[in-house]
Amino acid sequence: MALLTCQDLSLGYDGKEIVGDLSFEVNAGDYLCIVGENGSGKSTLMKTILGLNSPISGSITAGDGLKQTEIGYLPQQTEVQRDFPASVWEIVLSGCQNRQGMRPFYSRADKTLADENIEKLGLSQLKKRCYRELSGGQQQRVLLARALCATSKILLLDEPVSGLDPKVTAEMYELIERLNKESGTTIIMISHDIDAALRYADKILHIGKKIFFGPAREYTEAFDGFGAAKGGADI
Amino acid sequence: MNSFAEKLDYLSYPFVQYALIVGVLIALCSSLLGVTLVLKRFSFIGDGLSHVAFGAMAIAAVLNLTDDMPLVLIITVISAILLLRTGKNAKIKGDAAVAMISVGALAIGYLLMNLFSKSSNLSGDVCTTLFGSTSILTLKRTEVGICIALSAIVVMVFILFYNKIFAVTFDEDFASATGIKTGAYNLLIAVVVAVIIVLAMNLVGSLLISALVIFPALSAMRIFKSFRSVTVCSAVISVTCALAGILISVFAGTPVGSTIVAADIVAFACSALIGALKRGSGI
(Lines give C-alpha, C1' and ligand atoms only; values in the text may rest on other atoms or scores of the structure.)
Protein backbone atom coordinates (compact mmCIF):
# COMPACT_ATOMS: atom_id res chain seq x y z
CA MET A 1 0.00 0.00 0.00
CA ALA A 2 1.31 3.42 -0.90
CA LEU A 3 1.92 6.08 1.73
CA LEU A 4 -0.17 8.62 -0.19
CA THR A 5 -2.49 7.94 -3.09
CA CYS A 6 -3.97 10.82 -5.06
CA GLN A 7 -6.80 9.81 -7.33
CA ASP A 8 -8.29 12.01 -10.09
CA LEU A 9 -7.56 15.16 -8.14
CA SER A 10 -8.92 18.46 -9.30
CA LEU A 11 -7.54 21.44 -7.40
CA GLY A 12 -8.31 25.11 -7.20
CA TYR A 13 -9.82 27.90 -5.16
CA ASP A 14 -13.47 28.91 -4.96
CA GLY A 15 -14.46 26.20 -7.43
CA LYS A 16 -12.11 27.54 -10.12
CA GLU A 17 -9.93 24.73 -11.29
CA ILE A 18 -6.16 25.20 -11.56
CA VAL A 19 -5.08 21.61 -12.14
CA GLY A 20 -7.27 18.68 -13.06
CA ASP A 21 -7.00 14.97 -13.58
CA LEU A 22 -4.08 14.41 -11.27
CA SER A 23 -3.29 10.87 -10.18
CA PHE A 24 -0.13 9.70 -8.49
CA GLU A 25 1.22 7.62 -5.65
CA VAL A 26 3.94 8.19 -3.12
CA ASN A 27 5.57 5.16 -1.55
CA ALA A 28 7.52 5.03 1.67
CA GLY A 29 11.10 6.14 1.07
CA ASP A 30 10.32 8.00 -2.17
CA TYR A 31 11.95 11.31 -3.09
CA LEU A 32 9.40 13.12 -5.22
CA CYS A 33 9.94 16.52 -6.78
CA ILE A 34 6.99 18.57 -7.92
CA VAL A 35 7.93 20.93 -10.73
CA GLY A 36 5.95 23.20 -13.01
CA GLU A 37 5.47 26.79 -14.08
CA ASN A 38 4.49 29.55 -11.68
CA GLY A 39 0.80 29.42 -10.96
CA SER A 40 0.48 25.83 -12.15
CA GLY A 41 -0.81 24.75 -8.77
CA LYS A 42 2.24 23.29 -7.03
CA SER A 43 1.62 25.01 -3.72
CA THR A 44 -2.10 24.35 -3.98
CA LEU A 45 -1.36 20.66 -4.41
CA MET A 46 0.85 20.70 -1.34
CA LYS A 47 -1.74 22.52 0.75
CA THR A 48 -4.32 20.00 -0.36
CA ILE A 49 -2.11 17.09 0.69
CA LEU A 50 -1.66 18.82 4.06
CA GLY A 51 -5.40 19.16 4.44
CA LEU A 52 -5.32 22.98 4.42
CA ASN A 53 -7.41 23.10 1.23
CA SER A 54 -10.00 20.63 0.14
CA PRO A 55 -9.88 19.34 -3.42
CA ILE A 56 -12.69 20.23 -5.84
CA SER A 57 -12.99 16.57 -6.66
CA GLY A 58 -10.95 13.41 -6.36
CA SER A 59 -9.37 11.96 -3.26
CA ILE A 60 -6.16 11.74 -1.30
CA THR A 61 -5.76 8.61 0.79
CA ALA A 62 -3.09 8.00 3.34
CA GLY A 63 -1.88 4.42 3.70
CA ASP A 64 0.62 2.46 5.73
CA GLY A 65 -0.94 3.74 8.92
CA LEU A 66 0.00 7.34 8.16
CA LYS A 67 -2.13 9.79 10.07
CA GLN A 68 -3.15 13.14 8.61
CA THR A 69 -1.29 14.96 11.37
CA GLU A 70 1.88 12.93 10.89
CA ILE A 71 3.15 15.10 8.09
CA GLY A 72 6.16 17.31 8.50
CA TYR A 73 5.83 20.54 6.58
CA LEU A 74 8.45 23.12 5.66
CA PRO A 75 6.48 26.10 4.43
CA GLN A 76 7.85 29.11 2.64
CA GLN A 77 8.81 31.79 5.11
CA THR A 78 6.22 34.39 5.87
CA GLU A 79 6.63 38.08 6.57
CA VAL A 80 5.57 37.54 10.19
CA GLN A 81 8.39 35.08 10.88
CA ARG A 82 11.19 37.36 9.76
CA ASP A 83 11.03 39.54 12.86
CA PHE A 84 9.54 37.00 15.24
CA PRO A 85 11.10 36.99 18.70
CA ALA A 86 11.51 33.29 19.39
CA SER A 87 14.46 31.09 20.22
CA VAL A 88 15.49 28.16 18.06
CA TRP A 89 14.52 25.84 20.90
CA GLU A 90 10.98 27.22 21.15
CA ILE A 91 10.40 26.87 17.43
CA VAL A 92 11.73 23.33 17.13
CA LEU A 93 9.74 22.27 20.18
CA SER A 94 6.54 23.64 18.63
CA GLY A 95 6.83 20.84 16.06
CA CYS A 96 5.80 18.43 18.81
CA GLN A 97 2.31 19.96 18.97
CA ASN A 98 0.66 17.14 17.05
CA ARG A 99 1.52 14.55 19.68
CA GLN A 100 0.29 16.80 22.47
CA GLY A 101 -3.44 16.49 22.04
CA MET A 102 -5.18 18.37 24.81
CA ARG A 103 -2.17 18.32 27.12
CA PRO A 104 -1.24 21.94 27.71
CA PHE A 105 2.51 21.48 28.20
CA TYR A 106 5.34 19.57 26.55
CA SER A 107 6.40 16.24 28.02
CA ARG A 108 9.93 15.09 28.65
CA ALA A 109 9.70 12.86 25.54
CA ASP A 110 8.81 15.90 23.42
CA LYS A 111 11.83 17.77 24.72
CA THR A 112 14.15 14.84 24.08
CA LEU A 113 12.84 14.57 20.53
CA ALA A 114 13.38 18.27 19.93
CA ASP A 115 16.92 17.98 21.29
CA GLU A 116 17.66 15.02 19.01
CA ASN A 117 16.50 16.88 15.94
CA ILE A 118 18.45 19.98 16.88
CA GLU A 119 21.51 17.76 17.16
CA LYS A 120 20.74 15.98 13.89
CA LEU A 121 20.61 19.20 11.92
CA GLY A 122 23.72 20.64 13.53
CA LEU A 123 21.91 23.40 15.41
CA SER A 124 23.18 22.67 18.93
CA GLN A 125 25.28 25.83 18.98
CA LEU A 126 22.30 27.96 18.01
CA LYS A 127 19.74 26.48 20.41
CA LYS A 128 19.41 29.62 22.53
CA ARG A 129 19.76 32.06 19.67
CA CYS A 130 16.96 34.20 18.35
CA TYR A 131 15.41 32.99 15.12
CA ARG A 132 15.35 36.38 13.42
CA GLU A 133 19.12 36.79 13.85
CA LEU A 134 19.98 33.62 11.96
CA SER A 135 21.02 33.41 8.31
CA GLY A 136 18.56 32.15 5.71
CA GLY A 137 20.11 28.68 5.61
CA GLN A 138 20.11 28.37 9.39
CA GLN A 139 16.47 29.43 9.54
CA GLN A 140 15.56 26.74 7.03
CA ARG A 141 17.36 24.14 9.12
CA VAL A 142 15.44 25.26 12.20
CA LEU A 143 12.14 24.86 10.35
CA LEU A 144 13.31 21.48 9.07
CA ALA A 145 14.09 20.35 12.62
CA ARG A 146 10.61 21.47 13.63
CA ALA A 147 9.08 19.47 10.76
CA LEU A 148 11.06 16.41 11.89
CA CYS A 149 9.55 16.75 15.36
CA ALA A 150 6.12 16.38 13.79
CA THR A 151 7.09 13.17 12.02
CA SER A 152 10.02 11.27 10.63
CA LYS A 153 7.85 9.51 8.05
CA ILE A 154 7.09 12.11 5.43
CA LEU A 155 8.30 15.65 4.81
CA LEU A 156 6.67 18.17 2.50
CA LEU A 157 9.02 20.93 1.49
CA ASP A 158 7.84 24.05 -0.30
CA GLU A 159 10.82 25.45 -2.20
CA PRO A 160 13.29 24.87 0.63
CA VAL A 161 16.19 26.58 -1.15
CA SER A 162 14.53 29.75 -2.38
CA GLY A 163 16.59 32.79 -1.45
CA LEU A 164 19.64 30.80 -0.38
CA ASP A 165 23.08 31.27 -1.91
CA PRO A 166 24.60 28.43 -4.02
CA LYS A 167 26.79 27.01 -1.27
CA VAL A 168 23.98 26.89 1.30
CA THR A 169 21.62 25.56 -1.37
CA ALA A 170 23.95 22.61 -2.01
CA GLU A 171 24.20 21.95 1.75
CA MET A 172 20.43 22.02 2.05
CA TYR A 173 20.02 19.53 -0.79
CA GLU A 174 22.59 17.22 0.78
CA LEU A 175 20.84 17.43 4.12
CA ILE A 176 17.50 16.52 2.56
CA GLU A 177 19.11 13.66 0.66
CA ARG A 178 20.66 12.35 3.87
CA LEU A 179 17.27 12.40 5.59
CA ASN A 180 15.84 10.47 2.66
CA LYS A 181 18.61 7.88 2.25
CA GLU A 182 19.75 7.40 5.83
CA SER A 183 16.59 7.86 7.86
CA GLY A 184 14.20 6.62 5.16
CA THR A 185 12.09 9.77 5.37
CA THR A 186 9.78 10.18 2.41
CA ILE A 187 10.32 13.54 0.71
CA ILE A 188 7.88 15.53 -1.36
CA MET A 189 9.47 18.76 -2.52
CA ILE A 190 8.33 21.65 -4.65
CA SER A 191 11.21 22.96 -6.69
CA HIS A 192 11.97 25.50 -9.38
CA ASP A 193 15.36 24.00 -9.98
CA ILE A 194 14.88 21.26 -12.57
CA ASP A 195 18.55 20.28 -12.61
CA ALA A 196 18.65 19.68 -8.87
CA ALA A 197 15.31 17.90 -9.03
CA LEU A 198 16.67 15.50 -11.66
CA ARG A 199 19.86 14.94 -9.70
CA TYR A 200 18.36 14.20 -6.29
CA ALA A 201 14.79 13.01 -6.77
CA ASP A 202 13.82 9.56 -7.91
CA LYS A 203 10.38 10.62 -9.06
CA ILE A 204 9.15 13.74 -10.77
CA LEU A 205 5.67 15.15 -10.92
CA HIS A 206 5.33 17.92 -13.47
CA ILE A 207 2.08 19.82 -13.36
CA GLY A 208 0.96 22.44 -15.82
CA LYS A 209 -0.34 22.21 -19.35
CA LYS A 210 1.24 18.81 -19.65
CA ILE A 211 1.24 16.45 -16.70
CA PHE A 212 4.03 14.02 -16.15
CA PHE A 213 4.50 11.56 -13.33
CA GLY A 214 7.24 8.99 -13.35
CA PRO A 215 10.86 8.19 -12.56
CA ALA A 216 13.29 11.07 -12.86
CA ARG A 217 15.30 9.41 -15.62
CA GLU A 218 12.26 9.25 -17.89
CA TYR A 219 11.45 12.90 -17.37
CA THR A 220 13.98 14.29 -19.85
CA GLU A 221 12.83 11.88 -22.54
CA ALA A 222 9.20 12.65 -21.98
CA PHE A 223 9.88 16.34 -22.22
CA ASP A 224 12.42 16.17 -25.02
CA GLY A 225 11.56 18.89 -27.45
CA PHE A 226 8.82 20.11 -25.15
CA GLY A 227 10.12 23.60 -24.50
CA ALA A 228 8.01 24.24 -21.44
CA ALA A 229 9.88 21.61 -19.48
CA LYS A 230 13.10 23.43 -18.89
CA GLY A 231 12.71 26.94 -20.19
CA GLY A 232 9.27 27.45 -18.76
CA ALA A 233 9.94 25.97 -15.38
CA ASP A 234 13.05 27.96 -14.66
CA ILE A 235 12.56 30.29 -11.73
CA MET B 1 6.02 67.71 53.33
CA ASN B 2 2.76 67.78 55.14
CA SER B 3 0.84 67.65 51.92
CA PHE B 4 2.87 64.69 50.72
CA ALA B 5 2.01 62.76 53.86
CA GLU B 6 -1.59 63.74 53.31
CA LYS B 7 -1.42 62.34 49.84
CA LEU B 8 0.14 59.12 51.07
CA ASP B 9 -3.03 58.81 53.11
CA TYR B 10 -4.94 58.46 49.84
CA LEU B 11 -3.59 54.94 49.59
CA SER B 12 -5.71 53.85 52.51
CA TYR B 13 -8.92 54.81 50.71
CA PRO B 14 -10.70 51.80 49.24
CA PHE B 15 -11.33 53.53 45.91
CA VAL B 16 -7.61 54.03 45.41
CA GLN B 17 -6.92 50.44 46.35
CA TYR B 18 -9.62 49.25 43.95
CA ALA B 19 -8.09 51.33 41.20
CA LEU B 20 -4.67 49.82 41.85
CA ILE B 21 -5.98 46.24 41.85
CA VAL B 22 -8.02 46.70 38.69
CA GLY B 23 -5.25 48.62 36.97
CA VAL B 24 -2.63 45.97 37.64
CA LEU B 25 -4.90 43.13 36.52
CA ILE B 26 -5.94 44.85 33.32
CA ALA B 27 -2.36 45.77 32.50
CA LEU B 28 -1.32 42.17 33.05
CA CYS B 29 -4.05 40.71 30.83
CA SER B 30 -3.64 43.17 28.01
CA SER B 31 0.11 42.71 27.85
CA LEU B 32 -0.16 38.91 27.62
CA LEU B 33 -2.02 38.98 24.35
CA GLY B 34 -0.25 42.07 23.11
CA VAL B 35 2.73 40.08 21.89
CA THR B 36 0.52 37.80 19.81
CA LEU B 37 -1.51 40.65 18.39
CA VAL B 38 1.53 42.71 17.41
CA LEU B 39 3.14 39.71 15.73
CA LYS B 40 -0.03 38.76 13.92
CA ARG B 41 -0.22 42.32 12.60
CA PHE B 42 -3.37 43.05 14.55
CA SER B 43 -2.05 45.99 16.56
CA PHE B 44 -5.07 48.05 15.72
CA ILE B 45 -7.68 45.53 16.66
CA GLY B 46 -7.63 46.92 20.19
CA ASP B 47 -8.46 50.33 18.84
CA GLY B 48 -11.21 49.01 16.60
CA LEU B 49 -12.83 46.92 19.29
CA SER B 50 -12.67 49.63 21.90
CA HIS B 51 -14.59 51.92 19.61
CA VAL B 52 -17.13 49.19 19.14
CA ALA B 53 -17.37 48.97 22.92
CA PHE B 54 -17.88 52.74 22.99
CA GLY B 55 -20.72 52.39 20.49
CA ALA B 56 -22.20 49.58 22.57
CA MET B 57 -22.03 51.74 25.70
CA ALA B 58 -23.92 54.44 23.86
CA ILE B 59 -26.61 51.95 22.92
CA ALA B 60 -26.81 50.78 26.52
CA ALA B 61 -27.17 54.38 27.64
CA VAL B 62 -29.97 54.97 25.13
CA LEU B 63 -31.76 51.85 26.28
CA ASN B 64 -31.36 53.12 29.84
CA LEU B 65 -29.67 49.96 31.02
CA THR B 66 -28.27 50.34 34.50
CA ASP B 67 -25.71 47.60 34.00
CA ASP B 68 -24.21 48.00 30.56
CA MET B 69 -21.41 45.44 30.99
CA PRO B 70 -23.20 42.35 29.54
CA LEU B 71 -24.45 44.15 26.42
CA VAL B 72 -21.08 45.79 25.78
CA LEU B 73 -19.29 42.49 26.27
CA ILE B 74 -21.57 40.60 23.88
CA ILE B 75 -21.38 43.19 21.11
CA THR B 76 -17.60 43.49 21.43
CA VAL B 77 -17.05 39.73 21.41
CA ILE B 78 -19.16 39.36 18.27
CA SER B 79 -17.23 42.14 16.52
CA ALA B 80 -13.92 40.59 17.55
CA ILE B 81 -14.93 37.26 16.08
CA LEU B 82 -16.05 38.90 12.85
CA LEU B 83 -12.83 40.92 12.57
CA LEU B 84 -10.42 38.04 13.17
CA ARG B 85 -12.44 35.69 10.99
CA THR B 86 -12.31 38.02 8.04
CA GLY B 87 -8.52 37.89 8.23
CA LYS B 88 -8.26 35.47 5.35
CA ASN B 89 -10.98 35.23 2.78
CA ALA B 90 -12.77 38.50 3.20
CA LYS B 91 -13.58 40.91 0.43
CA ILE B 92 -12.53 43.74 2.72
CA LYS B 93 -9.03 43.09 4.04
CA GLY B 94 -8.00 43.01 7.70
CA ASP B 95 -6.72 46.53 8.26
CA ALA B 96 -9.48 48.13 6.22
CA ALA B 97 -12.12 46.13 8.07
CA VAL B 98 -10.69 47.19 11.42
CA ALA B 99 -10.57 50.83 10.36
CA MET B 100 -14.11 50.69 9.02
CA ILE B 101 -15.64 49.15 12.12
CA SER B 102 -13.55 51.39 14.36
CA VAL B 103 -14.60 54.75 12.96
CA GLY B 104 -18.08 53.50 12.15
CA ALA B 105 -18.76 52.49 15.74
CA LEU B 106 -17.25 55.71 17.07
CA ALA B 107 -19.49 57.82 14.85
CA ILE B 108 -22.66 55.85 15.61
CA GLY B 109 -21.86 55.90 19.31
CA TYR B 110 -21.42 59.66 19.43
CA LEU B 111 -24.48 60.18 17.25
CA LEU B 112 -26.64 58.06 19.53
CA MET B 113 -25.36 59.81 22.64
CA ASN B 114 -26.11 63.18 21.06
CA LEU B 115 -29.60 62.27 19.92
CA PHE B 116 -30.85 60.43 22.95
CA SER B 117 -28.79 61.36 25.96
CA LYS B 118 -30.59 63.08 28.76
CA SER B 119 -27.39 64.00 30.49
CA SER B 120 -26.68 67.68 30.93
CA ASN B 121 -22.95 67.18 30.51
CA LEU B 122 -22.74 65.36 27.20
CA SER B 123 -19.21 66.27 26.22
CA GLY B 124 -18.04 65.33 29.70
CA ASP B 125 -19.66 61.90 29.33
CA VAL B 126 -18.10 61.34 25.94
CA CYS B 127 -14.72 62.49 27.18
CA THR B 128 -14.92 60.10 30.11
CA THR B 129 -15.71 57.15 27.86
CA LEU B 130 -12.98 58.03 25.40
CA PHE B 131 -10.23 58.78 27.89
CA GLY B 132 -11.47 56.88 30.93
CA SER B 133 -10.65 59.91 33.02
CA THR B 134 -12.36 59.27 36.31
CA SER B 135 -14.34 56.06 36.17
CA ILE B 136 -11.50 53.96 37.53
CA LEU B 137 -11.65 55.94 40.75
CA THR B 138 -15.38 55.35 41.11
CA LEU B 139 -15.29 51.56 40.93
CA LYS B 140 -17.77 49.62 43.01
CA ARG B 141 -16.95 46.48 44.94
CA THR B 142 -18.84 44.21 42.53
CA GLU B 143 -17.05 45.71 39.54
CA VAL B 144 -13.73 44.94 41.15
CA GLY B 145 -14.96 41.39 41.77
CA ILE B 146 -15.97 40.93 38.13
CA CYS B 147 -12.65 42.29 37.02
CA ILE B 148 -10.70 39.91 39.26
CA ALA B 149 -12.72 36.93 38.04
CA LEU B 150 -12.37 37.78 34.34
CA SER B 151 -8.66 38.50 34.71
CA ALA B 152 -8.13 35.16 36.42
CA ILE B 153 -9.89 33.43 33.53
CA VAL B 154 -7.81 35.31 30.95
CA VAL B 155 -4.52 34.49 32.66
CA MET B 156 -5.50 30.84 33.08
CA VAL B 157 -6.54 30.48 29.45
CA PHE B 158 -3.29 32.08 28.38
CA ILE B 159 -1.13 29.77 30.48
CA LEU B 160 -3.01 26.62 29.46
CA PHE B 161 -2.92 27.43 25.77
CA TYR B 162 0.45 29.17 25.77
CA ASN B 163 2.17 26.58 23.57
CA LYS B 164 -0.71 26.43 21.12
CA ILE B 165 -0.94 30.21 20.93
CA PHE B 166 2.78 30.30 20.17
CA ALA B 167 2.43 27.71 17.41
CA VAL B 168 -0.55 29.44 15.83
CA THR B 169 1.12 32.85 16.00
CA PHE B 170 4.42 31.70 14.55
CA ASP B 171 3.11 29.62 11.68
CA GLU B 172 -0.57 29.10 11.10
CA ASP B 173 -0.14 26.79 8.10
CA PHE B 174 2.26 24.47 9.88
CA ALA B 175 0.07 24.47 12.96
CA SER B 176 -3.06 23.46 11.08
CA ALA B 177 -1.13 20.90 9.01
CA THR B 178 -0.12 19.20 12.24
CA GLY B 179 -3.68 19.10 13.43
CA ILE B 180 -4.09 22.19 15.59
CA LYS B 181 -7.51 23.72 15.12
CA THR B 182 -6.18 27.14 14.21
CA GLY B 183 -9.64 28.52 13.55
CA ALA B 184 -10.71 27.66 17.08
CA TYR B 185 -7.61 29.25 18.59
CA ASN B 186 -8.04 32.42 16.57
CA LEU B 187 -11.58 32.51 17.88
CA LEU B 188 -10.33 32.04 21.42
CA ILE B 189 -7.83 34.86 20.97
CA ALA B 190 -10.58 37.10 19.59
CA VAL B 191 -12.89 36.43 22.53
CA VAL B 192 -10.15 36.98 25.10
CA VAL B 193 -9.10 40.22 23.40
CA ALA B 194 -12.69 41.44 23.49
CA VAL B 195 -13.00 40.65 27.20
CA ILE B 196 -9.75 42.46 27.96
CA ILE B 197 -10.84 45.51 26.04
CA VAL B 198 -14.18 45.78 27.78
CA LEU B 199 -12.31 45.51 31.08
CA ALA B 200 -9.73 48.08 30.05
CA MET B 201 -12.33 50.64 28.97
CA ASN B 202 -12.64 51.66 32.62
CA LEU B 203 -8.94 52.17 33.01
CA VAL B 204 -7.73 54.12 30.03
CA GLY B 205 -10.87 54.72 28.03
CA SER B 206 -11.51 53.58 24.51
CA LEU B 207 -9.05 55.83 22.70
CA LEU B 208 -5.97 54.69 24.56
CA ILE B 209 -6.51 50.95 24.87
CA SER B 210 -4.25 50.13 21.93
CA ALA B 211 -1.39 51.67 23.88
CA LEU B 212 -1.94 49.22 26.72
CA VAL B 213 -1.93 46.31 24.29
CA ILE B 214 1.00 47.21 22.05
CA PHE B 215 3.47 49.33 24.02
CA PRO B 216 4.60 46.69 26.54
CA ALA B 217 4.92 44.08 23.78
CA LEU B 218 6.97 46.37 21.57
CA SER B 219 9.17 47.43 24.48
CA ALA B 220 9.86 43.82 25.44
CA MET B 221 10.64 42.92 21.84
CA ARG B 222 13.41 45.55 21.79
CA ILE B 223 15.27 43.76 24.57
CA PHE B 224 14.44 40.06 24.61
CA LYS B 225 14.81 37.36 22.03
CA SER B 226 12.65 34.42 22.97
CA PHE B 227 8.88 34.33 22.99
CA ARG B 228 8.71 33.40 26.64
CA SER B 229 11.04 36.14 27.85
CA VAL B 230 9.26 38.69 25.67
CA THR B 231 5.90 37.67 27.14
CA VAL B 232 7.14 37.77 30.74
CA CYS B 233 8.95 41.06 30.22
CA SER B 234 5.96 42.71 28.59
CA ALA B 235 3.79 41.66 31.52
CA VAL B 236 6.31 43.12 33.98
CA ILE B 237 6.65 46.38 32.04
CA SER B 238 2.89 46.70 31.69
CA VAL B 239 2.16 46.15 35.38
CA THR B 240 4.95 48.48 36.46
CA CYS B 241 3.74 51.24 34.16
CA ALA B 242 0.15 50.83 35.28
CA LEU B 243 1.17 51.05 38.94
CA ALA B 244 3.40 54.05 38.34
CA GLY B 245 0.74 55.73 36.23
CA ILE B 246 -2.03 55.30 38.77
CA LEU B 247 0.15 56.45 41.70
CA ILE B 248 1.40 59.49 39.81
CA SER B 249 -2.11 60.41 38.76
CA VAL B 250 -3.37 60.11 42.34
CA PHE B 251 -0.55 62.29 43.71
CA ALA B 252 -0.31 64.77 40.88
CA GLY B 253 -3.97 64.88 39.96
CA THR B 254 -3.37 63.98 36.31
CA PRO B 255 -5.83 61.90 34.24
CA VAL B 256 -5.27 58.20 34.96
CA GLY B 257 -5.40 56.77 31.43
CA SER B 258 -3.06 59.19 29.76
CA THR B 259 -0.61 59.04 32.67
CA ILE B 260 -0.37 55.26 32.32
CA VAL B 261 0.17 55.55 28.59
CA ALA B 262 2.82 58.21 29.16
CA ALA B 263 4.60 55.80 31.52
CA ASP B 264 4.40 53.15 28.78
CA ILE B 265 5.97 55.55 26.31
CA VAL B 266 8.85 56.25 28.70
CA ALA B 267 9.31 52.50 29.20
CA PHE B 268 9.40 52.02 25.45
CA ALA B 269 12.05 54.71 25.03
CA CYS B 270 14.19 53.07 27.75
CA SER B 271 13.79 49.62 26.19
CA ALA B 272 14.71 50.90 22.75
CA LEU B 273 17.83 52.44 24.27
CA ILE B 274 18.75 49.24 26.13
CA GLY B 275 18.14 47.22 22.98
CA ALA B 276 20.38 49.49 20.94
CA LEU B 277 23.14 49.35 23.58
CA LYS B 278 22.89 45.56 23.72
CA ARG B 279 23.23 45.26 19.97
CA GLY B 280 26.02 47.79 19.95
CA SER B 281 28.07 45.88 22.48
CA GLY B 282 27.39 42.65 20.66
CA ILE B 283 25.69 40.77 23.50
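## Contacts in chain B

Two residues count as being in contact if their C-beta atoms, placed from the backbone, lie within 7 Å. On that basis, take the contacts in chain B of this predicted model with a separation of 6 or more: 73% of them are between residues 24 or more positions apart.

## What chain B is built from

Chain B has 13 helices and zero strands. How much of the chain is buried? Of the 283 residues in chain B, buried ones make up 48%.

## The sheet in chain A

Over in chain A there's an open sheet of six strands, ordered β5-β6-β7-β3-β8-β9, with mixed pairing. The edges belong to β5 (71–74) and β9 (212–215) of chain A; each has a single partner strand, so one side of each is left without a neighbour in the sheet. Ignoring direction, neighbouring strands here are turned by 15 degrees against each other on average.

One pairing to look at joins β3 (residues 31–35) and β8 (residues 203–206) of chain A: these two run parallel and are linked by four bridges. Within this pairing, C33(A) sits opposite I204(A) of β8(A).

## A helix on the sheet

Which strands does helix α1 of chain A touch? This helix (residues 42–50) packs on the sheet and touches β3, β5, β6 (154–158) and β7 (186–190) of chain A. As for its orientation, the direction of α1 makes about 150 degrees with that of β6(A).

Key. Residues numbered from 1 in each chain as written. Chains lettered and ligands numbered in written order. Predicted model: local features only at pLDDT ≥ 70, side-chain atom pairs only at ≥ 80, totals over all residues. Pairing = 2+ DSSP bridges. Axes fitted to C-alpha atoms, helices over the stretch in contact; angles between N-to-C directions. Buried ≥ 20, exposed ≤ 12 C-beta atoms within 10 Å, placed from the backbone.
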